[in-house]
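Please study the sequence and the structure before working through each solution.

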Amino acid sequence: MEVGNFFGAEDFVPVTQAHIMADTESLGPAGVKWLEGLAAAGQGQCKVRIPTITDPRGTDFAKAGLLKQLAWMLDLERRAIAAFVKLGVSMTDTCINYQTIQAPTRGEHVAFGDTGVVIYSNSVCGARSNFEGGPSALAAGLTGRTPRYGFHLDAQREATLRIRVHWTPRTLNDWGALGGVIGRLSGNYWAVPLVEGLEGAPGSDALKHFGAAMASFGSIALFHLAGITPEAARIEDVGGDRLPVAHHVSESDVKALQSSYASDDEIDVVVFSAPQLSLFELRDLAGLCDGRKFVRPMLAITSPQVKPDADRMGLTGRIEAAGGQVLSGMCFYQSYAREIAEANGWKRLATNSAKLVNILGGYGYVPMLASMQRCVEAAETGKLP
Amino acid sequence: MIELIARHAIGRPVRGSALVAHDGFSARYDLDRAAGKFSRPAHKLAGQSYVGKVLVLDTAKGGVASAWMLHEMASRQLVPLAIVLNSVNPILAQGASFGGLTMLAGFDGDVTARVPNGATVEIDPERRVLRVL
């Protein structure tokens, strides 16, 4: 109610799904205690009334020892999971639910957490959600509704700035970096960039990295790609014909963002995460790992839905034969990143995720952004080529 | 005395010292929450303590974690006194509500240019007013 009043919402909108970000590094003991209190309310009869799922947890219990996570972290995770289960929440532990659980449809009102989930659902699927933090997503799950403001409204979905791109990325790190550049140019949550000039139709993984980085660098919740995303078949459909081209983005802008993170050639750890990897990304990674022996830790993090397929198809085995590790149900930056860095002596980190490099500086890392191939080569030699 | 009117307000009246920068804010991206300091090297307030300060910044940045983190920070009394932004996103509004923080957002003009760093300020959320004393 308070947040709805803050943004001037006139009423509530019914929602069909909720997605809760609730790693215990964010909740802390106070948040877990609050969650347990809610789960115990009404003699345990307090339950979600719409499908309600979870974002990655703060660990993969099977690999917690490898990460050198401590017992208190795992205990806090177990308590949070128990509370969510009592509330009827489905523990999907994924930030790629639009690839693995159930993608929302055009016009469907939902209450999603994880900025990457929201921007993909709004932009690529045409669904309607604001950024819902854990408490408000849980409230939506319990009530089946959320305050009607922001991206639930037609007017908020019109483009607010028009950006012309003069280069189309090919690798996921380049897609992420382009998203980061556009996020920075766009500036704040209420901006809706209309991007034109891309060649062809990007795939789901490309748009996953593009959107996640845009949301991370700019707090953006919705973008339109002219002629590609569902609400912008024509630029006039989102009001783009009334906007001047505000920015031109070229390959050099994208490379400049990436090179701004290239501070060292020695690396301590390679991480593929944020967002969790799809089956296709793991397939590509397994192909790059074949015949190599790693001298640095290499972590590939996926969802609990993808991991069994990766195991069954032999992808996990090929990655781990090279010395890598496939983890599931967590995300690197949501898993006590500062503490595991100190415990493992990890500082210089290579990744192909633009979102991850944007986050990890504040956790004390020196993150570097490179293609999946260069990151794998770095795990093999200890140096980022 | 300067009086600035916000479009959005939440929380209780507070009075304190302003820590000002034309930069963004995310509890996960920007802070060492254990130490109570800005930790993101590129942040204009890197190394400075935010505890008990009225943060005056440009815009909400980053992900959804701040909605939980402000509550967690408040539970340890390592939290800003209030947050004042030119532009807010739902996450920081949700975080302020859940964490019991005072927040103002949305001004005519750049609030980071109107409030001197270190100034004593007073916030009255009911009237959506920030006063530079």
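A residue is called buried under 20% relative accessible area, exposed over 50%, and partly exposed in between (1.4 Å probe, protein chains only). Helices (H or I, at least four residues) and strands (E, at least two) are DSSP runs, numbered from the N terminus.

The model is predicted: local features need pLDDT of at least 70, side-chain atom pairs count only at pLDDT 80 or more, and totals for chains, interfaces and linings use all residues. Residues are numbered from 1 along each chain as its sequence is written, chains are lettered from A and ligands numbered from 1 in the order in which they are written, and side-chain values use heavy atoms, with hydrogens and water left out.

**Exercise 1.** Identify the buried residues of α3(B).

*Solution.* Step 1: the buried residues of this helix are B:Pro90, B:Ile91, B:Leu92, B:Ala93, B:Gln94, B:Gly95, B:Ala96, B:Phe98 and B:Gly99. Step 2: helix α3 of chain B covers residues 90–99, and nine of its 10 residues are buried, so the rest of the structure largely encloses it. Step 3: after α3(B) comes B:Gly100, with a positive phi near 70°.

**Exercise 2.** Determine where the buried residues of α16(A) lie and what they pack against.

*Solution.* Step 1: in helix α16 of chain A (residues 372–381), A:Met372, A:Cys375, A:Val376, A:Ala378 and A:Ala379 are buried. Step 2: viewed down the axis of α16(A), these buried residues fall within an arc of 155°, so they line one face of the helix; the arc is that of the directions from the helix axis to the C-beta atoms. Step 3: their packing partners in chain A are β10 (269–277), α11 (279–289), β11 (298–302) and β13 (348–351), where contact means heavy atoms within 4.5 Å. Step 4: just after α16(A), A:Gly382 has a positive phi of about 85°.

**Exercise 3.** Describe how α2(A) packs with α2(B).

*Solution.* Step 1: two packed helices are described by the angle between their axes and the distance between the axes. Axes are lines fitted to C-alpha atoms, for helices over the stretch in contact, and angles run from 0 to 180 degrees between N-to-C directions. Step 4: residues making the contact include A:Trp34 and A:Leu35 of α2(A) and B:Trp68 and B:Met69 of α2(B). Step 5: by class, the contact of α2(A) with α2(B) has six nonpolar, five polar and two charged residues. Ala, Val, Leu, Ile, Met, Phe, Trp, Tyr, Cys and Pro count as nonpolar, Asp, Glu, Lys and Arg as charged, and the others, Gly among them, as polar.

**Exercise 4.** Classify the ring pair of A:Phe7 and A:Tyr149.

*Solution.* Step 1: rings of Phe, Tyr and Trp (its six-membered ring) pair if their centres lie within 6.5 Å; planes under 30 degrees apart count as stacked, over 60 as edge-to-face and the rest as tilted. Step 2: the whole structure has 17 aromatic pairs over all chains. Step 3: the ring centres of A:Phe7 and A:Tyr149 are 4.7 Å apart and the planes are at 10°, so this pair is stacked. Step 4: A:Phe7 is buried at 12% relative accessibility, and A:Tyr149 is buried at 3%. Step 5: ring pairs join A:Phe6, A:Phe7, A:Phe131, A:Tyr149, A:Phe151, A:Tyr189 and A:Trp190 into a cluster.
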